[in-house]
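Here is a friendly briefing to read alongside the structure.

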Amino acid sequence: MSSTMRETSRLAEASINGIVRRMVNLPRSILGGFSRVMNGGRRNRTLPSSYQYQILQQDTPYVPEEWSFLTSFQYQYGSMHPFFYACRFAEALKIAEDDHKFLFLYLHSPDHPFTPSFCEDTLCSELVVQFLDANFICWGALANRGEGLQMAITLGATSFPFCAVIAPAPGESITVLQQLEGPLSPADLVEILQRTLEEQGSAFGSSKLKREEKIKADRRIREEQDKAYLAALKQDKERERLKNPPLVLPKKAMDERLKQNSPIKQQGRVKETTFTRETPNKDPANKGKDSHPSSQILIRFPNGEKRERRFSSMDKVKSIYSYVDSLGLPGTENYRLIASFPRRVYGTDEMNMTLKDAGLHPRASLFLECQ
């Protein structure tokens with residue numbers, strides 16, 4: 001066995017038997033991405049799928065930094081891969097934090113001899129794809145440029161393929177829960193990631209619980225303060241009313257009020273009120289549709305954007321496609337909808353299935369995958 005293979009085997013064995021956990025400070029260029037995320041939110045970074053393949057054939061192609069890895073990866077290995085978010089590292093980490101998940105980071109070195117076999121046999125295997133899509137937010141980058149190069153230097157990558165499990169940390173740091181270098185089989189990779197979730201998830205879960213409890217406590221304090229303010233405001237109004245009793249109306253104003261309260265006026269008001277309350281009956285054609293329970297569908301886009309919509313459980317799968325098409329988002333000219341775990345593609349054969357028959361009721365989460 002060569003020294004490189006022995007080193008890879010040693011790293012894999014160490015990863016299985018023990019959990020790596022260390023704090024890493026991020027470089028300023030990455031931190032700049034964090035400030036943009038916090039100040040400006042997520043931006044639409046979708047690149048039309050037809051363009052993704054054309055730009056690779058140009059003499060001097062321009063590929064946006066966020067799409068450089070995904071475009072190169074799909075061109076060589078196809079669309080069967082984990083759902084990698086095409087965005088800045090800071091944005092992906094924010095998505096993971098919002099979804100209460102860890103971030104799976106993959107640094108891609110196209111020229112490394114272990115890369116093709118790892119991508120084809122491990123990273124694109126159905127077992128790994130389903131496991132990562134169900135449990136992690138995935139982000140990838142080229143190891144020789146842009147943020148990928150910066151993260152390789154920051155994390156001290158010495159061999160490829162390089163993977164890491166990342167968790168957010170306070171301040172300008174991240175927590176590296178697991179770091180993997182060299183080739184691994186699908187079973188070994190899933191075993192390491194599963195062990196990381198089990199051993200690290202409880203620790204981070206307790207900190208999340210503390211944060212949630214603090215948020216609830218702050219909300220209770222605000223509600224009590226609002227209640228006290230409203231009570232004080234009511235008391236002030238009552239004191240003001242007692243200081244300024246209502247004026248006695250003069251005889252002319254009293255006569256005018258009596259006229260307005262006469263039976264003739266009252267009759268006119270009753271008729272007017274009766275007319276106002278008349279409402280048309282509901283359309284009988286919609287009555288049957290409204291009786292069906294609704295299905296809540298969450299759609300995730302490659303740029304990190306989410307859209308949620310309520311459909312009838314008897315609507316067809318093609319209704320979801322029609323909704324996505326109506327949004328007019330760039331990069332959705334050619335796509336398909338995929339459920340992550342278990343992985344299922346909702347394509348042409350499922351278009352006329354109802355959401356209930358398709359297993360999308362009462363709620364489901366779908367990924368939009370560009371082709």
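**Lead: Arg300 and its strand**

Arg300 lies in strand β6; helices (H or I, at least four residues) and strands (E, at least two) are DSSP runs, numbered from the N terminus. This is a predicted model, in which local features need pLDDT of at least 70 and side-chain atom pairs count only at pLDDT 80 or more, while totals for chains, interfaces and linings use all residues. Residues are numbered from 1 along each chain as its sequence is written, and side-chain values use heavy atoms, with hydrogens and water left out.

**Around Arg300**

- With a relative accessible area of 9%, Arg300 is buried (buried means under 20% relative accessible area, exposed over 50%, partly exposed in between, with a 1.4 Å probe and protein chains only).
- Leaving aside residues up to four places away in sequence, Arg300 touches Phe83, Tyr85, Asp99, Ile137, Glu305, Lys306, Ser365, Leu366, Phe367 and Leu368 (contact means heavy atoms within 4.5 Å).
- The bridge partner of Arg300 in β10 is Phe367.

**The sheet**

- Five strands form an open sheet with mixed pairing, in the order β7-β6-β10-β8-β9 (two strands pair if DSSP finds at least two bridges between them).
- At its edges are β7 (306–312) and β9 (344–346), each of which pairs on one side only.
- On average, neighbouring strands of this sheet are turned by 35° against each other, direction ignored (axes are lines fitted to C-alpha atoms, for helices over the stretch in contact, and angles run from 0 to 180 degrees between N-to-C directions).
- Strand β6 (residues 294–300) pairs with β7 in the antiparallel sense over 7 bridges, and Ser295 stands opposite Phe311 in β7.
- The pairing of β6 with β10 is parallel, over 5 bridges.
- β8 and β10 run antiparallel and are joined by 5 bridges; here Tyr335 stands opposite Cys370 in β10.
- Of the 8 residues of β10, 6 are buried, so this strand is mostly covered.

- Helix α13 (residues 317–327) has Val317, Ile320, Tyr321, Tyr323 and Val324 buried.
- Down the axis of α13, the buried residues fall within an arc of 155°, so they line one face of the helix (the arc is that of the directions from the helix axis to the C-beta atoms).
- As background, an α-helix has 3.6 residues a turn, so residues three or four places apart point the same way.
- The cover over the buried residues of α13 includes β6, β7, β8, β9 and β10 (363–370).

**Nonpolar cores**

- The largest nonpolar core has 30 residues, and those with the most contacts inside it are Phe73, Phe104, Tyr106, Leu123, Leu132, Phe136 and Leu193 (a nonpolar core is a set of buried Ala, Val, Leu, Ile, Met, Phe, Trp, Tyr and Cys residues joined through side-chain atoms within 4.5 Å).
- Elements that each supply at least two residues of this core include α4 (65–77), β2 (102–108), α6 (115–123) and α9 (186–243).
- The largest share, 5 residues, comes from α4.
- Leu132 touches Pro82, Phe104, Leu123, Cys138 and Leu193, not counting residues up to four places away in sequence.
- Another core lies apart from this one and has 28 residues, among them Cys87, Leu93, Ile137 and Trp139.

**Salt bridges**

- The whole structure contains 10 salt bridges (a salt bridge is a side-chain nitrogen of Lys or Arg within 4 Å of a carboxyl oxygen of Asp or Glu).
- Lys306 and Asp99 form one through their side chains (2.5 Å, N to O).
- Lys306 is in strand β7 and Asp99 in the loop between α5 (89–98) and β2, so this pair ties together parts that are 207 residues apart in sequence.
- Lys306 is partly exposed at 30% relative accessibility, whereas Asp99 is buried at 15%.
- Another salt bridge joins the side chains of Asp133 and Arg343 (3.8 Å, N to O).
- Asp133 lies in helix α7 and Arg343 in the loop between β8 (335–339) and β9, so that pair ties together parts that are 210 residues apart in sequence.
- Asp133 is buried at 5% relative accessibility, and Arg343 is buried at 14%.
- Asp133, Arg336, Arg343 and Glu369 are linked in a network of salt bridges.
- The side chains of Glu305 and Arg307 also meet in a salt bridge (2.8 Å, N to O), with Arg307 partly exposed at 26% relative accessibility.
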